[in-house]
Amino acid sequence: MIWLTISCPLEKQNSHQEFVMIHDIAISPTTFCRVMGDDVFFANPRSGAAVVVNNGRVLSDALTRTFQPIKSVFAKIAADCNIATKDADDDFRPLIKELLDEGLLYTPETNNLDRNGRIINPLQRDVSSPDLLQKGDPIGNFYRERKLPLALHIDITASCTERCVHCYLPDYPQKNLEESLVEKAVREFREMGGYVVYISGGECMLHPKFKQILKLCRELDLNIIILSNLTLCDGEMVTFLKEISPQYINVSLYSMKPEEHDSITSIPGSCEKTKDAILRCLDAGINVRVAAPLLRINKHAFRGLKKFTDKHNMHLVPDFGIVAKCNHDNSNVKYACSGEELESVLRENRDIFDMGWARTHCCDPEETVCDIGVYRLHLNARGDYYPCPSMYGYVLGNVRTSTVGNVWRGEKLDYLRSLRWKDLEKCSTCAHRTFCEPCVAYNFNASGDLFKIIPEKCRIGLAVHRVYGA
């Protein structure tokens with residue numbers, strides 16, 4: 001993935017020869033653009049490119065999604081900046097060349113997009129890698145510096161087609177978030193400059209207005225990520241999803257062995273339904289990311305899962321932190337591996353579970369514990385806003401009475417943002433702290449206390465240290 005931060009206009013360079021054959025130019029159909037103040041970012045999830053342009057508003061104002069003569073672009077810039085067209089040409093030509101090279105802009109001569117705006121035969125990339133929330137990336141910083149939400153996660157329904165034994169939801173009521181309330185939330189989010197919307201559940205495809213919700217998100221120029229088990233994804237749905245063109249669909253697949261997968265979902269036949277739907281989506285050109293939580297039941301499944309995802313050029317996202325239910329019921333945690341089992345699995349699958357342990361984890365007592373309240377806001381089917389995945393019980397406000405902006409700037413979320421390593425006294429002095437990820441959501445779900453570390457979490461840190469600290 002390419003991350004660039006550049007200032008605009010650039011120093012003058014003689015690049016006229018490179019553009020001699022280019023007449024028309026446009027913003028790629030798969031490029032997202034956000035303007036805040038005088039700065040702008042361009043991001044294309046299909047090519048994996050992202051560029052932040054400081055003082056670049058004048059350029060984004062001149063560009064359009066329909067082809068126009070490149071001379072017209074320079075003329076618009078010149079008029080806006082009150083400079084000669086030749087000066088605009090000299091100043092902005094190198095930047096436009098950079099955006100062309102990254103697939104953020106395109107021309108009729110270099111058009112490699114199909115009629116749905118997807119890149120044909122793209123370069124090797126990982127468009128489904130874990131989101132645009134890594135520390136240090138320009139787009140993450142773009143939102144962090146402005147204290148604005150990059151992503152909105154919406155559980156549009158509490159209903160589900162599966163009953164996964166480790167799920168943090170205590171029940172699955174037939175509850176759908178009203179379409180009007182979803183629209184209210186996404187419009188408020190978009191007005192704040194929001195970029196990514198996650199559509200989830202329960203099983204999101206159970207919502208009677210699922211398609212209308214996705215169409216609205218597309219109309220609002222939001223980058224869409226779908227979280228689904230795909231058990232309801234038939235041929236008609238695949239056709240629809242192809243038209244919507246999400247960045248990716250995140251799918252839980254626990255094992256290539258149906259008996260293992262189905263014993264986790266509690267639904268016979270669910271494994272084959274999910275695998276078949278994954279392959280149909282891939283055949284249609286829809287990106288899929290496979291999420292695979294580690295449980296005692298599937299502890300030997302990860303080599304098979306890796307072989308499957310590698311064969312089909314998918315990203316495998318393993319996880320081994322099983323979070324207690326959001327009503328503080330810990331009964332689901334019994335399905336997690338013991339410390340000894342986890343250590344054994346990590347040693348056998350060291351490459352699969354390698355998350356850069358000890359290389360990226362900070363121990364500064366003044367450092368924030370995590371990115372809670374920094375990039376993403378969550379909304380559940382009851383209409384309650386909450387701070388991070390699974391932390392349903394920590395209510396920040398309700399969509400019926402609060403706006404996204406009010407919740408985002410509210411005292412409860414500000415308090416969570418203020419938490420530091422030193423606030424988790426046991427963690428800040430622990431010998432395994434660089435191999436662990438302290439999680440207030442994990443603590444809260446288990447006990448209702450943000451600061452009470454449960455033994456299961458400590459066993460994870462110990463196992464990771466033993467494997468990756470050697």
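Predicted model: local features only at pLDDT ≥ 70, side-chain atom pairs only at ≥ 80, totals over all residues.

What follows takes up a pair of helices, then a sheet, and then a salt bridge.

The crossing in which H5 passes H6 is right-handed. On the H5 side the contact is made by Glu179, Val182, Glu183, Val186 and Arg187, and these meet Gln212, Ile213, Leu216 and Cys217 of H6. Sorted by class, the residues of this contact comprise five nonpolar, one polar and three charged.

Turning to the strands, an open sheet is built from three of them in the order E6-E2-E7, with antiparallel pairing. Strands E6 (68-69) and E7 (105-106) stand at the edges and have a single partner strand each, so one side of each is left without a neighbour in the sheet. Strand E2, residues 24-27, pairs with E7 in the antiparallel sense over two bridges, and Ala26 is found opposite Tyr106 of E7.

Side chains of opposite charge can pair when their charged atoms come close. Across the whole structure, a search finds 23 salt bridges, one of which joins Arg34 to Asp221, with the closest N and O atoms 3.3 Å apart. This pair links distant parts of the chain, since Arg34 lies in strand E3 (residues 32-36) whereas Asp221 lies in the loop between H6 and strand E10 (223-227), the two being 187 residues apart.

Notes:
Residues numbered from 1 in each chain as written. Heavy atoms only, no water. Left-handed = near helix turned anticlockwise from the far one by under 90°. Helix = DSSP H or I, 4+ residues; strand = E, 2+ residues; numbered from the N terminus. Contact = heavy atoms within 4.5 Å. Nonpolar A, V, L, I, M, F, W, Y, C, P; charged D, E, K, R; others polar. Pairing = 2+ DSSP bridges. Salt bridge = Lys/Arg side-chain N within 4 Å of Asp/Glu carboxyl O.
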